[in-house]
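Here is a friendly walk through a two-chain model. Keep the viewer open as you read, and pick out each residue as it comes up.

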Amino acid sequence: MSEFIQYTLQGLAAGGFYALSALGLAVIFGVLGVVNFSHGACYMLGAVLSAVLLAELNVGFWAALVIVPILMFGFGVLMERLLVRWLLELDPLYNFLLTFGLTLVIVEAVKQRYGVSGLPYQVPAGLGGQVSVGSVNLSVYAIFACLFSVVVCVAVGLLLTKTRIGMIVRAATEAPDRTRALGINVGLWVTPVFGFGIALAGLAGVLAAPTRAITAEMGSNFIIILFAVVVIGGLGSILGAVVAGFLVGLVEAYGIAYAPTYAQIVIFVLMAIVVLVRPSGLFGREEVA
Amino acid sequence: MSDDTTATTTTEQPAPDRAGAPEAGSPGPGAARMLEVSGLSAWYGEARVLTEVSIDVAPGEVVTLVGRNGAGKTTLLRSVMGLHRQIEGTMTLDGADLAKRSADARARAGIGWVPDDRGIYASLTVAENLLLPPVVHADAWPLERVYEFFPVLHERRDFPGTKLSGGEQQMLAMARVLRMGSRLLLLDEPSEGLAPVIVQRIGEIIREIKGQGVAVLLVEQNVTFASTVADRHYLLAQGKVVEHLGNEDFRAREGELLTYLGM
């Protein structure tokens, strides 16, 4: 039983990384119609930047939690302004290919600069060790990562549901053309939304840094699972991205614990079942012909 | 060769085009026209769906586009809104050229879009659907007035927009552009699929907004309904204006037109 609770916590912590990243992916897809393949690379950059800030500038975890998302927002803005923007008018496949190519560039650049062996990063002081709840020992950092992700997801949720900006983003996500015809300059929101989505991936990277091996390739597997998350949650559904993120984290953790041989495929079996039962995902709207 | 001449005539001298225009209900030559479309052609890829269409709408006037499915009515509305860009010809709003303006700029200039699927957001509440567009004109309806005129929208203000019935969604779509203060409404088949009592209500709403000097360009297949609200009618067939009738003529020829439309 105590093991089960530990696995659950690990799953929820990992789920938090998926939920934050998938949230970014969903918002970008919604407003721009772009499937950002480089999301995994941006997650990796978030983790690498945390390690580099610590090693070269002695900037710690707490500061990184603020600085890295800001840097990644800037990176997202540049990416949208310089590259993504020019392909928006074309078939969505072009931006998918662009971001795929960008992923290769980012990963190779990180390998060139920092090698392939992985960068060191410690669990920040105050969040190390374990805490005993009854007879169960739980990782303090996993509890923190899990709670932090939930808080950020809720905050983003409130931003989307309670503010005018959120209302516009929801409208533009649902029907960009119609929203333009109602007097909203959707183009004005495209750049900040893209930057915001990338910043969320970067934030997930910072959170993952203390618990994962920080390598140039850490985003490669991540992006594949992230696509599964988005499909399970329902493409374009923001709530779906968050719920499916935590769900996939849990399923993955149980898979690793109880069926290690099949751990890699459990998520995709889950995805297949969801798609069979509900083709538009758990929270996706049925496509109206 | 003769085709070329006709085309030139239509684009450069719209006057002969109006020779067949009806006396009744038509604005005199001096009346200010809110929307003026001249020589508009539109394509989807290689397929031409509108050919040299010229129409105009004056403030406080209700003008319909009548025609079968595929006649190009919706494309015409989408072109005016700026959502369909593969076009040639000129369009002006209050005399100002629309060509370079994006859809959102046109909406802010006073064009209100009520699409045939009503265009209600599922992810926004009824109230949010109303509040989403910016207020663009001093004559915009305040929210209180919208709720007074459409009590059902007040009752359901916190419901997701698409939980409303079809008729209520139509009301919401029209209320939305009135709250915005649009001066020219583009209504795409507002009566489609609705019960007669609701259609009647929509007729009342159109007459109310007409009384305020708002111009309405109405796409309709329901000829009877069109004749109860409109001043003038353009008949579209295969992307061309084939007839331009005042409402009296239109009523007199209703039977013939119904046959023509295949209804």
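## Helix packing in chain A

H2(A) and H9(A) are oblique to each other. This is a predicted model, so every value here is computed from predicted coordinates. Helix H2 spans residues 39–57 of chain A, helix H9 spans residues 218–233 of chain A, and the two pack at an angle of about 135° with their axes 7 Å apart. Their crossing is right-handed. On the H2(A) side, the residues that meet H9(A) are A:His39, A:Gly40, A:Ala41, A:Tyr43, A:Met44 and A:Ala47. Facing them from H9(A) are A:Met218, A:Gly219, A:Ser220, A:Phe222, A:Ile223 and A:Leu226. Sorted by class, this contact has eight nonpolar and four polar residues, and no charged ones.

H9(A) also packs against helix H10 (residues 238–258) of chain A. The angle is about 125°, with the axes 8 Å apart, and H9(A) and H10(A) are therefore oblique to each other. The crossing of this pair is right-handed. H9(A) contributes A:Ile225, A:Ala228, A:Val229, A:Val230, A:Ile232 and A:Gly233, while the H10(A) residues include A:Gly240, A:Ala241, A:Ala244 and A:Gly245. By class, the contact of H9(A) with H10(A) has 10 nonpolar residues, three polar ones and no charged ones.

Here are the two pairs in one place:

| Helix pair | Angle between axes | Axis separation |
|---|---|---|
| H2(A) and H9(A) | about 135° | 7 Å |
| H9(A) and H10(A) | about 125° | 8 Å |

## The nonpolar core

Which residues touch the most other members of the largest nonpolar core? They are A:Ala22, A:Leu23, A:Val229 and A:Ala241, in a core of 170 residues. Helix H1 (residues 2–32) of chain A gives the most to this core, with 16 residues.

Helix H6 (residues 164–174) of chain A has its own set of buried residues: A:Met167, A:Ile168, A:Val169, A:Arg170, A:Ala171, A:Ala172 and A:Thr173. Within chain A, the buried residues of H6(A) pack against H1, helix H5 (140–162), helix H7 (176–181) and helix H8 (186–208). They also pack against helix H4 (126–131) of chain B.

## Chain B and where the chains meet

Chain B has 11 helices and 10 strands. Of its 263 residues, 46% are buried. Among contacts in chain B between residues at least 6 apart in sequence, 73% join residues at least 24 apart.

Where the two chains touch, 20 residues of chain B are in contact with 14 residues of chain A. Helix H3 (residues 103–108) of chain B supplies the largest share of the chain B side, four residues. That side divides into 14 nonpolar, three polar and three charged residues.

## Single residues to look at

Most residues other than glycine have a negative phi. A:Asn58 is not a glycine, yet has a positive phi of about 55°. A:Asn58 lies in the loop between H2 and helix H3 (61–87) of chain A. Is A:Asn58 buried or exposed? A:Asn58 is exposed, because 8 other C-beta atoms lie within 10 Å, and the cut-off for exposed is 12 or fewer.

B:Asp94 also has a positive phi, near 50°. B:Asp94 sits in the loop between strand E4 (87–93) and strand E5 (96–97) of chain B. With 14 other C-beta atoms within 10 Å, B:Asp94 is partly exposed.

A:Pro124 is found in the loop between helix H4 (92–114) and strand E1 (130–133) of chain A. A:Pro124 counts as partly exposed, with 17 C-beta neighbours inside 10 Å. Leaving out residues up to four places away in sequence, A:Pro124 touches A:Gly60, A:Phe61, A:Trp62 and A:Pro210. The C-alpha atoms of A:Pro124 and A:Tyr141 are 8.5 Å apart, while the two residues are 17 residues apart in sequence.

Finally, B:Asp249 belongs to helix H10 (residues 247–252) of chain B. B:Asp249 counts as partly exposed, with 17 C-beta neighbours inside 10 Å. B:Asp249 and B:Arg232 are 17 residues apart along the chain, and their C-alpha atoms are separated by 9.4 Å.

Technical notes: Residues numbered from 1 in each chain as written. Chains lettered and ligands numbered in written order. Predicted model: local features only at pLDDT ≥ 70, side-chain atom pairs only at ≥ 80, totals over all residues. Contact = placed C-beta atoms within 7 Å. Nonpolar A, V, L, I, M, F, W, Y, C, P; charged D, E, K, R; others polar. Axes fitted to C-alpha atoms, helices over the stretch in contact; angles between N-to-C directions. Parallel < 35°, antiparallel > 145°, perpendicular 65-115°, else oblique. Left-handed = near helix turned anticlockwise from the far one by under 90°. Core = buried A, V, L, I, M, F, W, Y, C linked by C-beta atoms within 7 Å. Buried ≥ 20, exposed ≤ 12 C-beta atoms within 10 Å, placed from the backbone.
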